[in-house]
Amino acid sequence: LAPQLPPLPIPHRSEHVQTIAPVDIPRLAKLNITASVQPIHLIDDRDLVDRYWDERGQNTYAFRSFFEAGVRLAFGSDAPVADPNPFVGIHAALARRQPNDSRPPWQPNQRLGLEPIIHAYTLGAAQATGWDRVIGSLTPGKRADLIVLDRDIFVLAQSPDTIDEIAQARPL
C-alpha cells in the first residue's frame, strides 16, 4: 500500500473549465481537482459557442453538473480581462444571460441556486488557494471578511422580474 500523504496546502485545480467532456466531470470530483471557472465569460461566450461548437457546446459552463458530481467549484472574475464586479458574475451564473437580455437563460439545466454560487465565490475560492483556514466563511477563528449590500440579492434571485438587479448590487 502507498503511504497516506497529507492534503496539499493548495489543492490541484484546473483553470477556465469552461468546457469539459461529461466523462471528465466525475473524474475531477474523484481526484479532488477544483474547477476554477469565471461565470462572467458565460455571457460573452454564449453566442460563439452556439454558432461554432455544435453539440460540444452543451458541455460549457456546466455548473450544475459540477455541483451534482461533487466537484469543488471556485468562481472568480478573471480581472483584468473581465469586469471584476462579482455581482455581474453572480448574475451570470444564476440567470445564464446578460442583464436585460430578453432571451431565455442559456442552457438553463446548468443553472445553480444563489447559495452554491456564493459558496463558489467565497469558500470555494478560498479552498482553491489554500486560504480556507483563514477566509471564505464566517467561522470562529477566521477573518471577519463580510459586506452589507444595498439590496437583498436572495430576494431578487427569486423572481425573473428582479433577477437582473443582482448585477447592480453594491456594498454599503
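Buried means under 20% relative accessible area, exposed means over 50%, and partly exposed is what lies in between, using a 1.4 Å probe and protein chains only. Keep that scale in mind for the tour. The model is predicted, so local features need pLDDT of at least 70 and side-chain atom pairs count only at pLDDT 80 or more, while totals for chains, interfaces and linings use all residues. Residues are numbered from 1 along each chain as its sequence is written, and side-chain values use heavy atoms, with hydrogens and water left out.

**Stop 1: Arg97**

Select Arg97 to begin. Arg97 counts as buried because its relative accessible area is 10%. You will find Arg97 in the loop between α4 (86-95) and α5 (114-121); helices here are DSSP runs of H or I with at least four residues, strands are runs of E with at least two, and both are numbered from the N terminus.

Now show side chains. Arg97 and Asp164 are joined by a side-chain polar contact of 2.8 Å. A polar contact is a pair of N or O atoms within 3.5 Å; within protein, one must be able to donate a hydrogen and the other to accept it, and residues adjacent in sequence count only if both atoms are side-chain atoms. Setting aside residues up to four places away in sequence, Arg97 touches a list of residues including Leu42, Ile43, Arg46, His91, Pro160 and Ile163, where contact means heavy atoms within 4.5 Å.

**Stop 2: Arg96**

Step back to Arg96, which is in the loop between α4 and α5. Arg96 counts as buried because its relative accessibility is 0%. Check the backbone here: Arg96 is not a glycine, yet has a positive phi of about 55 degrees. Most residues other than glycine have a negative phi, and most peptide bonds are trans.

**Stop 3**

Select residues 40-52, helix α2, and look along the axis. Helix α2 has a kink of about 45 degrees centred on Arg46; the bend at a residue is the angle between axes fitted to the seven residues ending there and the seven starting there. Colour Ile40, His41, Leu42, Ile43, Arg46 and Val49, the buried residues of α2. These buried residues pack against α3 (63-69) and α4.

Continue to Asp54, in the loop between α2 and α3. Asp54 is another residue that is not a glycine but has a positive phi, of about 50 degrees. Is Asp54 buried or exposed? Asp54 counts as exposed because its relative accessibility is 61%.

**Stop 4: Tyr61**

Tyr61 sits in the loop between α2 and α3. Tyr61 is buried, with a relative accessible area of 1%. Which residue's side chain makes a polar contact of 2.4 Å with the side chain of Tyr61? The partner is Asp45. Beyond neighbours within four places in sequence, the contacts of Tyr61 include Gln18, His41, Leu42, Arg96 and Trp106. For a distance check, Tyr61 and Arg46 are 15 residues apart in sequence and 9.7 Å apart in space, C-alpha to C-alpha.

**Stop 5: Pro80**

Go to Pro80, in the loop between β3 (73-75) and α4. The peptide bond from Ala79 to Pro80 is cis, with omega near 10 degrees.

**Stop 6: pockets and the cavity**

On a 1 Å grid over the protein atoms alone, a cavity is a set of points where a 1.4 Å probe fits but cannot get out, and a pocket is an open set with protein on both sides within 12 Å along at least five of seven lines; lining residues have an atom within 4 Å of a point. Grid points are joined across faces, edges and corners, and a volume is the space filled by probe spheres set on the points.

The largest pocket holds about 820 Å³ of space. Of its 26 lining residues, Ile118, Tyr121, Thr122, Asp145 and Ile147 lie nearest its centre. Two or more lining residues come from each of α4, α5, α6 (123-128) and α7 (153-156).

The second largest pocket has about 180 Å³ of space. Among the residues that line it are Pro7, His12, Arg72, Gln127 and Arg133.

Finish with the one cavity of 30 Å³ or more. Select Ile40, Gly76, Ser77, Asp83, Asn85, Pro86, Val88, Gly89 and Tyr121 to see its lining. The largest share of that lining, three residues, comes from α4.
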